[in-house]
Amino acid sequence: MNRTIISVKNLVKNYGDFQAVKGISFDVQEGEIFGLLGPNGAGKSTTLEIIETLREKTSGEVIVDAFNLDKQPNEIKKIIGVQLQSSGYYPGLNLVELMQLFAGLYNKNIDPMTLLDSVNLRDKAKNKYKELSGGQKQRFSIATTLINTPKIIFLDEPTTGLDPQARRNLWDLIIEIRNRGTTVIITTHYMDEAEVLCDRVAIIDSGKIISLASPDQLIDDLLASGFERTKQVKLANLEDVFINLTGKHLREE
Ligand SMILES: Nc1ncnc2c1ncn2[C@@H]1O[C@H](COP(=O)(O)OP(=O)(O)OP(=O)(O)O)[C@@H](O)[C@H]1O
């Protein structure tokens with residue numbers, strides 16, 4: 001595949017006596033969607049925040065696009081896009097004004113409408129953030145990650161709380177962003193999401209990577225080990241029924 005754009009080696013994070021990340025190593029290839037999967041408290045957000053330069057590591061080495069996290073964190077900041085916490089969205093400003101505000105923070109000249117267009121929010125340009133639906137809020141926050149035309153974007157559980165259509169719509173958006181050449185790192189609890197979206201996934205449990213491969217490979221490995229589902233699986237599930245009844249396309253949210 002492509003070249004390695006992120007390299008993490010023996011990463012450790014201690015919070016006091018508690019070791020949240022226990023010496024993990026992985027590489028992310030340029031242009032892939034890489035998933036970090038794991039139960040609550042596994043250490044996904046901690047790992048992401050360290051790579052994003054937002055949290056100090058205890059030890060280990062992180063290289064992002066040939067920049068060393070210890071020596072060149074500011075160079076890393078310039079080439080990554082990070083979703084901001086929604087509490088940072090000033091309630092009185094509309095989406096265009098918010099975009100301009102964030103662009104100012106990055107010292108970038110952007111066309112807010114082009115960015116809003118790219119996440120299908122042109123119609124909501126004059127609305128305030130609080131007036132958006134859950135799916136629209138997520139799309140807006142993904143647009144803010146794109147302001148500095150980053151090489152890599154980080155998405156921490158971007159579809160949590162969304163309905164099936166909004167989730168699928170967001171998947172399409174994430175794939176589109178990847179297809180334009182941006183590397184995507186995503187954390188998720190949803191295995192169906194990881195299976196559809198991710199080129200490769202690392203499964204993290206209690207601060208350790210316990211498996212890393214493409215979703216297909218992980219499933220094939222499990223089947224090769226003799227695993228069989230106890231219940232015969234039908235060729236459709238309840239979500240298919242729901243989507244079929246309520247429409248595949250993005251509704252007016
Ligand atoms: N600032 C902190 N101080 C102390 N412990 C922390 C801190 N942040 C996280 N932890 C602990 O580190 C562990 C890993 O947390 P982290 O948020 O990285 O997990 P996660 O995999 O992202 O979980 P979730 O899926 O619930 O978001 C947890 O046990 C958590 O309680």
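A residue counts here as buried if 20 or more other C-beta atoms, placed from the backbone, lie within 10 Å of its own, as exposed if 12 or fewer do, and as partly exposed in between. The model is predicted, so local features need pLDDT of at least 70 and side-chain atom pairs count only at pLDDT 80 or more, while totals for chains, interfaces and linings use all residues. Residues are numbered from 1 along each chain as its sequence is written.

Helix α8 (residues 215-224) lies largely in the open, because the number of buried residues among its ten is zero; helices here are DSSP runs of H or I with at least four residues, strands are runs of E with at least two, and both are numbered from the N terminus. Just after α8, G226 takes a positive phi of about 100 degrees.

Helix α5 (residues 134-145) packs with helix α6 (residues 164-179) at an angle of about 15 degrees, the axes being 10 Å apart, where axes are lines fitted to C-alpha atoms over the stretch in contact and angles run from 0 to 180 degrees between N-to-C directions. That makes α5 roughly parallel to α6, a term for angles under 35 degrees. In this packing, G134, G135, Q138, R139 and I142 of α5 meet A166, N169, L170 and L173 of α6, contact meaning C-beta atoms, placed from the backbone, within 7 Å.

Most residues other than glycine have a negative phi. T149 is exposed, with 12 other C-beta atoms within 10 Å.

Notes:
Angles under 35 degrees count as roughly parallel, over 145 as roughly antiparallel, 65 to 115 as roughly perpendicular and the rest as oblique. Two residues are in contact if their C-beta atoms, placed from the backbone, lie within 7 Å.
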